[in-house]
Amino acid sequence: MEFKELENQWKEMSGKIDNQKKLADSKIIKMTEINYTNKINKMKFPEITGAVVCCVALFFIVSGMHKLEPWYLMMCGIVSAIMLILMPVISIRAVFKIQSFDVSTNNYKQTLSAYNKNKMHFINVQKLSMCLGALLFVTILPVIGKLMSGKDLFKSTFIWYIYSVGFPFLYYFDHWVFKKYNSALSKAEDIIRKLED
Amino acid sequence: MIHHSHILDMSYNSGETKIRFIEIIRENDGLIYKVSKMYSNSFEDEQDLFQDIVYQLWKSFSSFRNESKITTWMYRIALNTGIHYLDKGKKKAHKVSLDETLLNRPEIIDESKQDQYDMMFAQIKRLNDIERGIIFLYLEGKAHDEIAMITGFTITNIGTRIGRIKQKLISQINLNKAGNGI
């Protein structure tokens, strides 16, 4: 096939499209009035749900902070609280960043560049969140144990069983997700590189 | 193509502006349809993107300053919206229900023609986002300077890129045909 042939095919198709029935005015009006708040909320649903869960856990830990002793349980409580604040904040910020865009002032090159840079930032934030999640897994278990049953789980074998099962699982899960993220990351990097060619 | 630049001096959001906007969309809905098809992977996505583009055009309508042709402005907004739609495809929102036969265009009776068009779109979609946007504008009959204006690349760069994309696209198509024994 020659490129001329492809061009002719495109022209033929475009001609057919232009000659067909036009959109009804009422449909166009409706399209200008779409409730985008619903759409945005739907897109942020996992992040918002996660943030709510983190807030509930944070409230639970902070309200029982005075019960956390000895010192290492207090440390676990403080680290968990910091993680529970940090994780949703960085995640929701990254989602807002990737979704806030101005299609009217930028050209195609600028839009592609901004979009891919935001995407790379989002992926890196997701990766960071997964690492923080693993850390949270370590610190929150003894805190919950202490607050719910008054026991120091570090003194029982139970927590070590949980860690020994949880860690390999987290390692392989993170490894699998990171592979997917890395592939998306290299695609975004490639586009940025090609924009400068 | 009717030039609508004179009609955009109306005060924004007046009923008259909306009527003018509708007129422009009706006049150029083929453009929006083609961009929607290029940046989506299913009929449902296509419908969503079509509506997103119309919405974005309406939102930006007041910022159009008659410095370029209305279609140049429309191509820019439509392609920019297409980029942002790339990862949104799977996340659906409530949308206006469109007449299926209307957006599932062109209505082609000849099945082999339909296959040809589908194959053409499929091969264009295999190009990266930069190549896809540039070749689309080229196939739409845009001159290098207009493509440069929409995309932000220099005219020389557009020339070089188009040459490369043409070769890549044709070799993709021929390879695909050879693979299918056509």
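Does E7(A) count as buried or exposed? At 16% relative accessibility, E7(A) counts as buried, where buried means under 20% relative accessible area, exposed means over 50%, and partly exposed lies in between (1.4 Å probe, protein chains only). E7(A) sits in helix α1 of chain A, residues 3-18. Leaving out residues up to four places away in sequence, E7(A) touches Y138(B) and L139(B); a contact here means heavy atoms within 4.5 Å.

Before we go on, a word on how to read all this. This is a predicted model, in which local features need pLDDT of at least 70 and side-chain atom pairs count only at pLDDT 80 or more, while totals for chains, interfaces and linings use all residues. Residues are numbered from 1 along each chain as its sequence is written, chains are lettered from A and ligands numbered from 1 in the order in which they are written, and side-chain values use heavy atoms, with hydrogens and water left out.

Let us take the two chains in turn. Chain A has seven helices and zero strands; helices (H or I, at least four residues) and strands (E, at least two) are DSSP runs, numbered from the N terminus. Of its 197 residues, 43% count as buried. Among the contacts in chain A between residues at least 6 apart in sequence, 79% join residues at least 24 apart. Chain A exposes about 11,300 Å², with 67% of that supplied by carbon and sulfur atoms; these accessible areas come from the Shrake-Rupley method with a 1.4 Å probe, and for residues only the protein chains shown count as cover.

Chain B has eight helices and zero strands. It contains 182 residues, of which 56% count as buried. For contacts in chain B with a separation of 6 or more, residues 24 or more positions apart account for 67%.

Now bring the chains together. In the interface, 48 residues of chain A are in contact with 73 residues of chain B. The two chains bury about 6,000 Å² between them, 65% of it on carbon and sulfur atoms; buried area is the accessible area (1.4 Å probe) that two parts lose on being put together, summed over both. On the chain A side, F3(A), W10(A) and Y108(A) lose the most area to chain B, together 15% of what that side buries.

Not counting residues up to four places away in sequence, M120(B) touches L6(A), Q9(A), W10(A) and M13(A). M120(B) and I173(B) are 53 residues apart along the chain, and their C-alpha atoms are separated by 7.9 Å.

What about the interior? In soluble globular proteins, nonpolar side chains tend to be buried together.

Within α2 of chain B you will find I53(B), buried with a relative accessible area of 0%. Leaving aside neighbours within four places in sequence, I53(B) is in contact with I32(B), V35(B), S36(B), A78(B) and T81(B). The C-alpha atoms of I53(B) and I32(B), 21 residues apart along the chain, are separated by 7.1 Å.

Helix α3 of chain B, residues 70-85, has 16 residues, which should span 22 Å; its end C-alpha atoms are 22 Å apart, in agreement. All 16 of the 16 residues of α3(B) are buried, so this helix is largely enclosed by the rest of the structure.

Key:
Expected span 1.5 Å × (residues − 1).
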